[in-house]
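Q: Hey, can we go through this one together? I'd like to start with how the chains meet.

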Amino acid sequence: MLSHLPILQVVVPMLMAPLVLLIQPARLAWALTLATSAMAFAIAINLVQLTTSDGPMLYPIGGWEAPYGIELQVDGLSALFLLIVSGASTFVLLAGYQSLISEIKESKLNWFFGAWLLALAGLLGIAVSGDAFNIFVFMEIASLASYVLIAGGPNRQALPAVFKYLIMGTIGATFYLIGIGLIYIMTGTLNMSDIATKLPSVVDQTPILVAAGFISIGLALKAAIFPMHAWLPNTYCFAPNMVTAFLAACSTKIAIYVLLRVDFTLFQSSLIGHLIQFKIFLIPLACMAILAGAYMAMRDTLAKKIFAWSSVGQVGYIILGAALVSHSGLTAAFLHSFNHALAKGTIFIGIGLLALQAKSGELSSFAGLGRRHPLAAIAITIAGLSLVGIPGTAGFLSKWLLIQAVFEQPNGVIALLAIVLVSSLMSVVYLARFLETLFFPPAPAGSEPTLPLGATTILVLLALSSIYFGLAPALPMELATQAADTLLGYGK
Amino acid sequence: MIVLDLFHYWTFIALLMMGFYTVIVKNNLVKRLLGLSLFQSAVFLLFIGIAKVEGGTTPIFTKLVDSQVFSNPLPQVLILTAIVVGISTSALGLAIILRIKEAYGTIEEDEIQSREEEAQ
Amino acid sequence: MSIEQQLIALLTIPALGAVFIGVMGRLHPNLREAATFITAVMLASVAWSLASAVSHGARGEIVLSQLNAALSIKLHIEPLGALFATLAASLWIVNSLYSVGYMRGNKEKHQTRFYIFFAISIAAAMGVALAGNLFTLFLFYELLTLSTYPLVTHKGDQATIKSARIYLGILMGTSITLFLPAVIWVSMLNGGEFTLGGTLQGKVDGPTAGLLLALFTFGIGKAAVMPIHRWLPAAMVAPTPVSALLHAVAVVKAGVFSITKIILYIFGADWLFSLNTTQWLVWISAFTIISASVVALRQTNLKRLLAYSTIGQLSYVVMATAILKPMAEIGAALHMVAHAFGKITLFFAAGAIYVASKKIDITELAGIAKRMPITMTAFTIGALSMIGVPPTGGFVSKWYILAGAFEADNFLAIFTIITSTALNATYFLPIIYVAWFMPETVAPKKEHGEAPLAMVIALSITALLALGFFFYNAPVLDLERQLVEVMQ
């Protein structure tokens, strides 16, 4: 049974998706989706334990051995992202029932949850897959399902936003496909470990270089790396609140996972000069993402858009850490993936709960809600502090490691340091703006006294885990270190 | 000759760029979606182009004769999957365009933007 | 209790106390005040027992959490930290008494929230005092900024929010952009561990040490070294109990404590003395002392005057530390205590005057001593302590700092001390004279006598402490002599 966990991780949500479609009562559909998501989470936890104790797991689907069959590969790096994705889905679903029924027509909820489970299956499939084309397939499953989720809400501004996301996302996936095609032409195989062994012996490096370019740009489009981030702010802002929470926590991270996995497995070890190209390409983009994200967040007036721009900046931090190609840099990147998923998920769940009583998405309609619902507001505050990187929260550790990685660089230390620190200050500014609006104005008249109790409990638990992982970060730290070791170990 | 030998690669690039141009430049959402389809078909061409082996035949075993040269079946299989993905994307895109038409009354990008700004 | 248990107790008592206060606050205000007192007394007793153990040479440390191979949250106890912890904990008791009188006398709102965040801030201050490595110090330093923010914004009106933005902006801005990189850099060099005599020698060269020192000095904004001083007057929008304990004792002392600790335990006083890239610290702190005193001369709002006086007095500690000679280091530690007693008395008196007469300007204080003799006596003692006149505590610390300056042939320091003493006298003595000897010129809104009893008792206690420190300072001396044993 345990050896089948990699395929079960994907199959369980995928098989439940059509079943959920048949269930009419919204509550029941939600409960079934939640149960499936929780099962996927349990499988992910199991896989984390197995990979930390026993090492990477290989699973040939249908018994067809690689490189002829499609192989699933779960190692420390995949396990971390499996945990992030399934955890995000489970906790958002747990906390999100009231928010979901307030935004989506009750008769359509079973379709919505069907799409949710497909998106979950797709994202999980990306993380377990060891075959390059298989990643493309799962990537498109996840993307198509998420387009459905985003367009499901009442806000009509979501529609042009999701159309733009569809166009840009498909172009990105197609670029990735072109890259994989070029690599297939030169090596004759699609299995990633196999490509890694075959690539060094390829004489003509030009197609490989072109492939690397296509794959990087394609995945950058999916991961919303500046300047290919244009789809993100509007999409996150106008999607239903719980969809934003789910996608903000994991969709761009999975694209980053694929980018780093493909790059380090295939290219770092075999393309001559690729390391420098990687750094020269990504570091300036990461810096621009960090600064642009923080700056635009400071200026915007829609509550969700502020934090959507914040995500653009945080993706920048993750890419910066990865682009430094050092052990502390990669560890910082992966730790920040975990911490950001936790913090951003908490914030968007919190905003979703408060939005049950806010009249519009404008920041001003949240005025004083913090006084009416102090628990939810304090949870958002703690998650926000983790985002900024205040000591005592999880976000501080990833920021510390990132700055440490910057110090270890031979040159450009001062510029990079200035960018990271100044953007942290800007994060304090936009967070303070949001919190000031929540706490200081008088509570709005006529608002209800309580938010749904279960949801608030989950929200507070998530916020407390940001503190917990800030003071006792053994688990994410170990996973992140393992992931960094795995990536740096290729080609040795 | 370089052009004739690599004919299908040139076609691939031409289709890719035509599709990409349409997606970026056109205002009408349906035209953009069509551009996307064109863009994706270019990639199909790339893959199928490499599947053909000179002197190769359809990759189906009729008798156990292993001295025959077969065309590569793998890219063809990959493209079947990619075509399915492309169709789903187009279908979803058209559904979204339908809803945009219901919500905004137009499917021209600039008009959608101006109607949204007016509403605010 | 063992040393390790006492260390944990010093953190958990105020933290749990905050919860206790919150719970009691829902029941009855008197229960809530009782909760505060019980917590404060428990904390002070543990602090005293720990301090006396340290006085006899005991040391100890405990790792609260190992974050990864290189980072940990660690507490330890040594003379300077023991002094700060005991000072803050003991004054918390007096301040709680004063707060009760102030909050009730002024009929303030949200009192439970006030007491809760006060307890959390004290917990953070304890964390700073007991920090065993730079990571832990930074952790509790930031928590102190965040936990005092709700106290500064207590009133909740627009002007308060604007001033609080300056407070938060300057403190967080300097700590994130200057203090944090310095902490990470040093942690990469020597793990951020505190060792008396410092461990950086040999790992960095002169200019780098100067740069690190600058990052620390200006990054630790709570020490209010110019130009990072504007947050202190901005914080005066807080209720006076907050200004008294936090901005005269806990927060600002956390700042100068951190600088002193880093100089003694990360850099090492002797090594810094041998470098010539670090002498600028004496210059900048001397400049701060003189400019702050000059600006204070021009203030008419009593609390702002006291704020600028505090800025100057804090740089006394920084300058004394920067002289890098044993007598001066002891003087720095003594001045932390003397200034705490004197300044808290002055703020208590200012708050008492406000509660009793609603007067906030020194131009309105003529003849007020006739109505409030006890308050003004306390004010006088506190002011004399700031000037450094015997028999007040301020004289003892100034004596030691001067002795250290002579030992180091630091004529700039000597000149600064003499000049600033004169300046302090110039802005304090007129207030005292006018209050005692001139007839009342500005009539109060209604007849008043002394402030509420709790406040008067509190400020009498601190005034007596300021006086008593002149006579009874041997324990502090013994404690701090251990600090300078490794120095030449």
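Q: How many residues does the contact take from chain A and from chain C?
A: This is a predicted model, so keep that in mind. In it, 24 residues of chain A and 26 residues of chain C take part in the contact.

Q: Okay, and how much do chain A and chain C bury between them?
A: About 2300 Å², with 83% of that on carbon and sulfur atoms.

Q: How many salt bridges are there across that interface?
A: The rule finds one between chain A and chain C. The partners are C:Arg165 and A:Glu436, whose side chains come together at 2.8 Å, N to O.

Q: What about polar contacts, how many residue pairs there?
A: Two pairs across the interface of chain A and chain C, both at pLDDT 80 or more.

Q: Which helices of chain A each supply at least two residues to the side touching chain C?
A: Three of them are on that list: α17 (394-407), α18 (413-439) and α19 (453-471). The largest share is from α17(A), with seven residues.

Q: What does that side look like by class?
A: The side of chain A that touches chain C has 18 nonpolar residues, four polar ones and two charged ones.

Q: Switching topic: which chains share the most contacts?
A: Chains A and B do, out of the two pairs of chains in contact.

Q: And how far apart are the nearest C-alpha atoms of chain B and chain C?
A: They are 29 Å apart, and those two chains do not touch.

Q: Let's look at chain C by itself. How many helices and strands does chain C have?
A: Chain C has 19 helices and two strands. Its C-alpha atoms fill a box of roughly 65 × 55 × 45 Å along the principal axes.

Q: What radius of gyration does chain C have, and what would a compact globule have?
A: Chain C has 21 Å. A compact globule with 488 residues would be near 23 Å, so the value for chain C agrees with that.

Q: How much of chain C is buried?
A: Buried residues are 66% of the 488 in chain C.

Q: Last one: among contacts in chain C between residues at least 6 apart in sequence, what share joins residues at least 24 apart?
A: That share is 82%.

Definitions and conventions:
Residues numbered from 1 in each chain as written. Chains lettered and ligands numbered in written order. Predicted model: local features only at pLDDT ≥ 70, side-chain atom pairs only at ≥ 80, totals over all residues. Heavy atoms only, no water. Contact = heavy atoms within 4.5 Å. Buried area = accessible area lost by both parts, 1.4 Å probe. Salt bridge = Lys/Arg side-chain N within 4 Å of Asp/Glu carboxyl O. Polar contact = N/O pair within 3.5 Å; in protein donor to acceptor, adjacent residues only side chain to side chain. Helix = DSSP H or I, 4+ residues; strand = E, 2+ residues; numbered from the N terminus. Nonpolar A, V, L, I, M, F, W, Y, C, P; charged D, E, K, R; others polar. Rg over C-alpha atoms; globule rule 2.2 N^0.38 Å. Buried < 20%, exposed > 50% of the residue type's maximum accessible area, 1.4 Å probe, protein only.
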